[in-house]
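Me: Please show the sequence and the structure, and then go through some questions on the fold with me.

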Amino acid sequence: MVIKVYIASSTGSVAVKKHQQAVVGFLEANRISFQEVDITMLEEQRLWMYRNIPRDKLPEKGNPLPPQIFNEDRYCGDYEDFFQSKEDNTVFAFLGLSSQPSVKDSES
């Protein structure tokens with residue numbers, strides 16, 4: 001299982017940058033393996049992301065903003081969903097992971 005975080009490396013939005021940094025920083029700090037997918041570099045990846053976000057999660061106007069989080073091809077949510085799962089202490093369930101990786105697992 002690979003957690004994929006769809007980001008935009010070149011964005012003029014300070015909020016988008018902060019949200020991306022918050023998600024990536026949390027994953028790194030918790031030793032959760034993930035892959036960043038930059039939607040500004042590959043049109044194909046951006047279109048895949050748009051097509052795989054559930055209709056009820058799409059904004060009324062415009063395109064969905066990064067970061068968008070997937071576990072392989074399964075949509076987990078956007079920054080707001082991630083933030084709420086952090087507040088509820090349910091991030092691992094949100095990401096579709098069974099549990100937090102132990103220090104022993106990540107050292108081997």
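Me: Is His 19 buried, partly exposed or exposed?
Reply: Buried means under 20% relative accessible area, exposed over 50%, and partly exposed in between (1.4 Å probe, protein chains only). His 19 has 23% relative accessibility, so the residue counts as partly exposed.

Me: What should be kept in mind about the model and the numbering?
Reply: This is a predicted model, in which local features need pLDDT of at least 70 and side-chain atom pairs count only at pLDDT 80 or more, while totals for chains, interfaces and linings use all residues. Side-chain values use heavy atoms, with hydrogens and water left out, and residues are numbered from 1 along each chain as its sequence is written.

Me: In which helix is His 19 found, and which residues does His 19 touch, not counting those up to four places away in sequence?
Reply: Helices (H or I, at least four residues) and strands (E, at least two) are DSSP runs, numbered from the N terminus. His 19 belongs to helix α1, residues 14–29. With contact meaning heavy atoms within 4.5 Å, His 19 touches Pro 67, Tyr 79 and Glu 80.

Me: In what order do the strands form the sheet?
Reply: Two strands pair if DSSP finds at least two bridges between them. The sheet is open, has 4 strands and is mixed in its pairing; the order is β2-β1-β3-β4.

Me: Why is one side of β2 and of β4 left without a neighbour in the sheet?
Reply: β2 (34–38) and β4 (74–78) each have a single partner strand, so one side of each is left without a neighbour: both stand at the edges.

Me: Is Asn 71 buried or exposed?
Reply: Asn 71 lies in strand β3. Leaving aside neighbours within four places in sequence, its contacts include Met 1, Cys 76 and Leu 97. At 6% relative accessibility, Asn 71 counts as buried.

Me: Which residues of α2 are buried?
Reply: Helix α2 (residues 43–52) lies across β1, β2, β3 and β4. The cover over its buried residues includes β1 and β3. The buried residues in α2 are Arg 46, Trp 48, Met 49 and Tyr 50.

Technical notes: Axes fitted to C-alpha atoms, helices over the stretch in contact; angles between N-to-C directions.
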